[in-house]
Structures are given as structure tokens and as C-alpha cells.
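Student: Hey, I've just opened this one and I'm a bit lost. Can you walk me through it?

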Amino acid sequence: MKKYTIFCLLFLLSAKPAAAFSVEHQFTVFLGPFNASKTTFTYSLTDRDYRVNSTVRTAGIFDSLYPFRANYATTGKIKNGNFETTSYHYDSRSRFNKRSKEMVYNDKGEPVYRISTKNDKTKKVEIEPDLNNRDTTDLQTVFAELSRQYNQVKFCDSRLQVFDGKRRFDVIFKDEGREELPVSEYSPYAGMAAKCSMYIDKLGAKGDDLLWELTSDRPIYFWIMTDTQSGRPFIARIIVEDTPLGRLEVYTRKTVIKE
């Protein structure tokens, strides 16, 4: 069930310079015919640091078939406008497996160790210094960077580099214009929204999870709206047209914004 790393996408949004704030997104996730998951994504930004947390919980009939729980947590510093990861932790539990991964970084924001556990067996691997990994970060930090960019310049176009401890890949965001989001029984948010897409450039590497299988031929589309009270943008909907388990649709059922 590593496929649920896709829900790390559930993020986006904003940052007024030098102002501390947090945005929590609560999502309902449909996968094929299933009301599959309740997912929460929370990020906070100040002018000096950031924090991103995600939780994924399968629900209903899908939970009976494919039970899965996962937590993701990232912290980092913002130095001279640049994001540097200081910690990354992931843990998950499925029907038969319990996994966790921790990335340890030095004071330059470079990964130095990967600590992985599967069913209580732990492996610590030293990450050799590599110039190709120097300017990379973890996937959740990518979303924090994009949130600041969108707030400042109101567009998604960017290409950011990620290293997960084993593989390096690029995350490519593109602007796709504006569209009217129809009213839905699953979300209170409808109306005109900015449409963006997310692509994964695997750079020739191979992997076994759903996120890794998504190529430029299978983009992730998401729609951004703006909260009327705070002025903070948020993600209102996500769609992946084709996955191994069917169409993926994510609806924002609630946002909680704290200044």
C-alpha cells in the first residue's frame, strides 16, 4: 500500500511573507468505485522555518479490503529564501506489514542516513555524498516550496528535485488555465478555480508504488481556490484520470486556517 504516498500531494497553499500561519486540509478520497480514504494535510510556514504533516486512513469497504494507515512528518528551515529539510519521518501499517523510514540530514540540509524498518527489522544506511543530491529535498518540502511560490506569484510552473534516500526524481508543476468547479455533494467548494498539473519525471529510475508509476502521460490535476476571509489559497479538488485501481478523485470537505 505504498501507493498512498500519492496523498502527499494533498497540500497547497500560501504564505504571506514573515507571517506565521498554518493550513489544514481535510479530504475525502474516492478510488475507482470506493469511498476509499479520509486524509488530512497540514502545513505551517514562518519566515524562518516550516512544518508539514499528512495522515492517510482507509475507510468503509475499501478499508476492509485494503486496510492502511500512514503518517508523514517533515520539518525544515528557510535560509535566504531557500528551504532546507531538517527531518523527515514516515510510518505505515497495512494488513501484513508495518514500515517506517527516517531521513537524517546534516546542518547543510544534505541527507546523510536513511533508517528503514519493516516488521521490526531495522536497517541504517549511510548515504554517500553525491553532487546530484545536493540541491534535492523530500517530497513534502516540495509542497511547502510550491505553496510559498503560489502565494507570491500566483502560478504553479516549477521543476523541483527530490531524493528519497534511494532514488532521485523531479516533480514538475504546470499551469493549466482556469476552470469552473461544479457543485458536489462531497465538498462545499465550487466556482472558478486555477487548474494546475503535477508530473513525475523518474529520470530513468524504477519503483513499485503508485506515485512512482505516474509519468508525464498520467498527470495529477488539482484546482486551487482562495479562502474569502483569510485570502489564503487552498486546493479544492484533485483528479488522476487513470490509476491501477481506477480513477482517483479527492474532494476538500473542510479547511482550517490559523494565523
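This is a predicted model: local features need pLDDT of at least 70, side-chain atom pairs count only at pLDDT 80 or more; totals for chains, interfaces and linings use all residues.

Student: Okay, strands first. How do strand 5 and strand 6 pair?

Tutor: They pair in the antiparallel sense, over seven bridges. Strand 5 covers residues 82-94 and strand 6 covers residues 98-105. A hairpin of three residues joins strand 5 to strand 6.

Student: Which residue in strand 6 is the bridge partner of H89?

Tutor: That's E102.

Student: And what about strand 6 and strand 7, how many bridges there?

Tutor: Seven bridges, and these two run antiparallel. Strand 7 is residues 111-118. If you want a pair to look for, find K101, which stands opposite S116 in strand 7.

Student: What sits between strand 6 and strand 7?

Tutor: Five residues, in a hairpin. Look at G109 in that turn: its phi is positive, about 80 degrees.

Student: I clicked on T117. Where is that?

Tutor: T117 is in strand 7. Leaving out residues up to four places away in sequence, T117 touches K98, R99, S100 and T122.

Student: How far apart are the C-alpha atoms of T117 and R99?

Tutor: They're separated by 5.4 Å, although the two residues are 18 residues apart along the chain.

Student: Switching topic: which residues make the nonpolar surface patch?

Tutor: I61, L65 and Y66 make a patch of about 310 Å². I61 belongs to helix 1, residues 60-65.

Student: Is I61 buried or exposed?

Tutor: Exposed, because its relative accessibility is 60% and the cut-off for exposed is over 50%.

Student: Now the cysteines. How many disulfides are there?

Tutor: The count comes to one disulfide. C156 is joined to C196, with 2.1 Å from S to S.

Student: What parts does that pair tie together?

Tutor: C156 lies in the loop between helix 2 (139-153) and strand 9 (158-163), while C196 is in strand 11 (residues 191-201), so the pair ties together parts that are 40 residues apart in sequence.

Student: Is the link of C156 and C196 right-handed or left-handed?

Tutor: Right-handed, with 70 degrees about the S-S bond.

Student: Last one: are C156 and C196 buried or exposed?

Tutor: C156 is buried, and C196 is buried too.

Terms used:
Residues are numbered from 1 along each chain as its sequence is written. Side-chain values use heavy atoms; hydrogens and water are left out. Two strands pair if DSSP finds at least two bridges between them. Helices (H or I, at least four residues) and strands (E, at least two) are DSSP runs, numbered from the N terminus. Patches are made of residues with over 30% relative accessible area and no salt bridge: like charges are joined within 9 Å, nonpolar side chains (Val, Leu, Ile, Met, Phe, Trp, Tyr) within 5 Å. Accessible areas come from the Shrake-Rupley method with a 1.4 Å probe; for residues, only the protein chains shown count as cover. A salt bridge is a side-chain nitrogen of Lys or Arg within 4 Å of a carboxyl oxygen of Asp or Glu. Buried means under 20% relative accessible area, exposed over 50%, partly exposed in between (1.4 Å probe, protein chains only). A disulfide is a pair of cysteine sulfur atoms within 2.5 Å. Contact means heavy atoms within 4.5 Å.
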